[in-house]
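Subject: Handover of a structure

Dear colleague,

Please find below the structure that I am handing over to you. My notes on what was found in it follow directly after.

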Amino acid sequence: MIILPLLLSSLYLFVLHPHHGSSAIAATHYNSNTSSSTSTSITTKHHHTTHKYNNNQSRSKVVSHIDTSIMAVGQEEENEDGQLVYTTSAADQAAVAALQKQLAKSNADAAAAGAAAGAGADADADAGAGADAGTSTSAEGGAPPDWTPVPSVQIAPGQHKYVLISATEPYPSGTNQRCYTQFFVTSKDGAHYHMNAAEPYVELLQERGYRDVNVTGGGRIYFNVEEKSINIFGFSYGFGLADHAISKEVVEKDERYKDYDVTWSNDGY
């Protein structure tokens, strides 16, 4: 009497829901494939990134030699040639913020040291030490014989990201023997982000004793050696828009590029 109802219940499930078990298996198989595909796309260094378009079509581009930890949080765009252009990432933004914080601290420390030195010089002048109160340095404050100034322009052939940096000379120069503020234009081959172009030059300036170092903005430089042309354009997500007119002036003053056609524009990225 007990067995008969159980048999009837089993027959009912089999007749009315013949695919119940297979549906569960299919769903499990699909989820497994999805999980595997996602895991592969974020762990391999050679993967495909799919770009969506308004017409609901899609296409894939191969991204090679890319740090996937950056790709996971970063952004990329395509230029006119269909090449991937790296814009920014969480890691890039954090690095820019850290550099700006470090520069602010070092600049503040240098200003405090300069103020203390100036106060000491004024005290010597008041004591009749023979120092002129209007003179910022003496002949002994000149650059040492082995010191080499940092070039105002260091750009790589081709199209690369660049930054415009301002810094004050560590030693007096010119007829007035004063420390002047200069601008520096640098682009770097292989720089995915503007931070990659800025950091090496900032470190070089600081190593040579320059003060008040600041990255004022960025963009791109297309340096065509064969056509003797230099085009300055675009902006930086991390450092903002550089004053390309100043960058143009700095490049034109460099003797190496006196025969080049130098142009600039705020268009593009």
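Helix α5 (residues 194–207) lies across β5, β6, β7 (181–187) and β8 (211–224), and runs at about 35° to β6. Helices (H or I, at least four residues) and strands (E, at least two) are DSSP runs, numbered from the N terminus. Contact means heavy atoms within 4.5 Å; axes are lines fitted to C-alpha atoms, for helices over the stretch in contact, and angles run from 0 to 180 degrees between N-to-C directions. Helix α6 (residues 244–253) lies across β5, β6, β7, β8, β9 and β10, at about 170° to β10.

Please note that this is a predicted model, in which local features need pLDDT of at least 70 and side-chain atom pairs count only at pLDDT 80 or more, while totals for chains, interfaces and linings use all residues. Residues are numbered from 1 along each chain as its sequence is written, and side-chain values use heavy atoms, with hydrogens and water left out.

The open sheet consists of 6 strands in the order β5-β7-β6-β8-β9-β10, with mixed pairing. Because β5 (153–154) and β10 (261–264) stand at the edges with a single partner strand each, one side of each is left without a neighbour in the sheet. Two strands pair if DSSP finds at least two bridges between them. Strand β9 (residues 229–233) pairs with β10 in the parallel sense over 4 bridges; Asn231 has Thr263 in β10 as its bridge partner.

Strand β6 (residues 158–168) contains Lys161, which UniProt lists under "binding site" in an unreviewed entry. UniProt positions are given in the numbering used here, feature names are shortened, and annotations may be inferred rather than shown by experiment. Lys161 is buried, at 3% relative accessible area (buried means under 20%, exposed over 50%, partly exposed in between, with a 1.4 Å probe and protein chains only).

The structure also holds 8 aromatic pairs (rings of Phe, Tyr and Trp, the last by its six-membered ring, with centres within 6.5 Å; planes under 30 degrees apart count as stacked, over 60 as edge-to-face and the rest as tilted). One of them, Trp147 with Tyr171, is edge-to-face, at 5.2 Å centre to centre and 75° between the planes. Trp147 lies in the loop between α4 (90–126) and β5 and Tyr171 in the loop between β6 and β7, so the pair ties together parts that are 24 residues apart in sequence. Ring pairs link Trp147, Tyr171, Phe184, Tyr201 and Tyr210 into a cluster.

Yours sincerely
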